[in-house]
Amino acid sequence: MKQQNWKWLSLTLKKDIVSLIDRAGAGHIGGSMSCLDLLLVLYDIADISPENMESADRDRIIVSMGHISPAYYCVLAAYGFISREQLFEDYRQNPGVFEGHPSNLAPGVEWCNGCLGQGLSQGCGEAIGLSMNGYNDAHVYVLMGDGEQSKGQIQEAIELASKEGLSNLTVIVDMNGQQSSGSTREVLPVPIAERYRAGGWQVLTIDGHDYEQIRQALIKAKESSVPTCILAKTVMGKDIPEIENDWHYHGKRLSKSQVEKALAHLNDLRAGLPEGEFPIRPWAGRTGKRPADPAKHLCGCESRRIYAAGEKADGRAVCADTLAQLAEENTAGSMCVLDCDLAGGLGIDRLNSIRPGTMLECGIQEHNALSVAGGIAACGIKTFYMGFGVFALAEPFNQLRVIDQNHIPLKVIATHCGTDVGQDGKSHQMIDYIALSNALLDSDLILPADPNQADAALRYLAKTDRPGILALPRSPLPVLTDESGTACFGEQYVFSYGTADWIRRGQDAAVITYGVMVQEALKAREILVKEGISCGILNITSPKHLDAEKIREAAATGRIIVFEDHNIQSGLGTILGTFLAEQGISCSFHRMGVTRYGISAPPEKQLVYQCLTASDLADMILKQLKNNGWKGQKV
């Protein structure tokens, strides 16, 4: 196609952008105008079309700066991915897939992005995933803004891409020199080219409005043996003279008179140009797509390692052993485990010797690593991120949130949850693991209570196509047994998400708990037995999917005590209290949890400090009974 045809198409789409934003009453016009030519040529060159957009070996185009959705959607409409008519009807106004920042439920959109700085990490993940799948001809393109280059996560991604030799990855930076609060020079100058070059990338500088320069740079990038960064010099608000290079129009709307003048000027610019084909491809009739490629089935998810009564094992060791077995039983490329410099402490440092390429070491880069993990998982590879709870959930929460919004089936194994990290001190005591996981609307949460349940739960996660979080304490957990000494979660046990487990039955009170606290609850029960009190213990493994029947059974005792090593304001007690109120279930209800930041001390002293020992629990139940008229004998 000749250059003047590209110009005609560009001006035509710019008219659409102006009209789309005006109709919606909101939208970012400045960046949409500056990046449009880049998108227009990129979709012509990349191997992605309405016909192959769900083929696993397609090229990927990831738009990191999601605020340029008007340009993104208009280009997708021009290339036949989406309905132009439906776009104008729904954009930023009606329920549907055309949100203000792109939704990957819209055909042609790979990722929902709005939080700047994550796109390159996602692109790294998809580039790694494509290589793991053997699609060596597929390429990943990431469109970014120059303002977002100040984000630290981008530097992490630059380094990882270089380490992994991701020659199938190209970044295109829209260098319009403006951002939301001023020029990039004034807000925070960043040596963009120097950063990429220092990371071992090929760096190309082009005119981002010269179609042939864009084309040649993309061709050169695909031929490179290292990742490539294309710095495309552009003009914010290009072809609308009144707003060109004016940072105020990063997100500011045009007035009605400005809209009329802009459309008239764009028409004038088109006059005399040879017309191009518009749309470039007719709409294919598709209205949706899968958010991620179908995941591979893992062998070994049905088999179990059974820990015998009397054995102890900590959750990280159990999970590491399970991952090692899965790696051994599956072919290379079936699964990937990401680590952030904790592999030795977690026990996963052996995975690559078992099956080369199974573990990806990201260094101390939690934000980048989680987004990379999401990108790999989006390629249909069963992907696990394993780390201490603080680094797996708290630090990269926004990255987890974006992955959750993209409906990507990532599996997170968060160890060292609760207070029993002990002597590391409050900075490492992850007392918010339920609260943060509960805030992720699409992710399951599992809290195993012993080694057998941890093994079964991880295999369950490994075979599902849902995102999930496995949260575990640091302390070794004894195998739970029933009153006859038989393992509660032995050979006959099948993990079922949402099913709670009666560890002990009782008539006078029910302790609802989970994880390491089940052991303290059992000790408290023994104290209470000597007082003639029958106390049940209900293990809640799935706090986001409560077992209503068993909770009703617990409430039938007349009193429920929630006992947890979690922030008392936001843990299981809060979830359960809401459930009881909404269901109209009446019983005595009390919460026991973490009420202050911990100290540097062994786990048992942490429980003393938080008033969460077996004695504290027994005293609380005795106090409740006495308040209800108990006189020293069984009620």
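Beyond the neighbours within four places in sequence, His250 makes contact with His28, Ile29, Gly30, His67, Gln179, Ser180 and Met236. In this predicted model, His250 is located in the loop that runs between strand S7 (228-233) and helix H10 (256-270). The relative accessible area of His250 is 15%, so the residue is classed as buried, the limit being under 20%.

The largest nonpolar core comprises 150 residues, of which Leu120, Leu169, Tyr196, Leu323 and Ile348 touch the most other members. When neighbours within four places in sequence are set aside, the contacts of Leu323 are Met335, Val337, Ile348, Leu351, Phe384, Met386, Ile413 and Leu458. Another core, of 65 residues, lies apart from the largest one and includes Ile48, Met65, Phe98 and Ile214.

Twelve aromatic pairs were found in a search of the whole structure. In one of them, the ring centres of Tyr73 and Phe98 are 5.3 Å apart and the planes meet at 80°, so the arrangement is edge-to-face. This pair connects distant parts of the chain, 25 residues apart: Tyr73 belongs to helix H3 (residues 69-78), whereas Phe98 lies in the loop between helix H4 (84-90) and helix H5 (119-132). Both Tyr73 and Phe98 are buried, and together with Tyr72 and Tyr91 they form one aromatic cluster.

A stacked pair is formed by Phe388 and Phe391, with 6.1 Å from centre to centre and 25° between the planes. Phe388 is buried, at a relative accessible area of 14%, and Phe391 is likewise buried, at 17%. Elsewhere, Arg596 is placed over the face of Tyr609, 3.7 Å from the ring centre.

Key
Residues numbered from 1 in each chain as written. Predicted model: local features only at pLDDT ≥ 70, side-chain atom pairs only at ≥ 80, totals over all residues. Heavy atoms only, no water. Helix = DSSP H or I, 4+ residues; strand = E, 2+ residues; numbered from the N terminus. Buried < 20%, exposed > 50% of the residue type's maximum accessible area, 1.4 Å probe, protein only. Contact = heavy atoms within 4.5 Å. Core = buried A, V, L, I, M, F, W, Y, C linked by side-chain atoms within 4.5 Å. Phe/Tyr/Trp six-rings, centres within 6.5 Å; stacked < 30°, edge-to-face > 60°. Lys NZ or Arg CZ within 6 Å of the ring centre and 35° of its normal.
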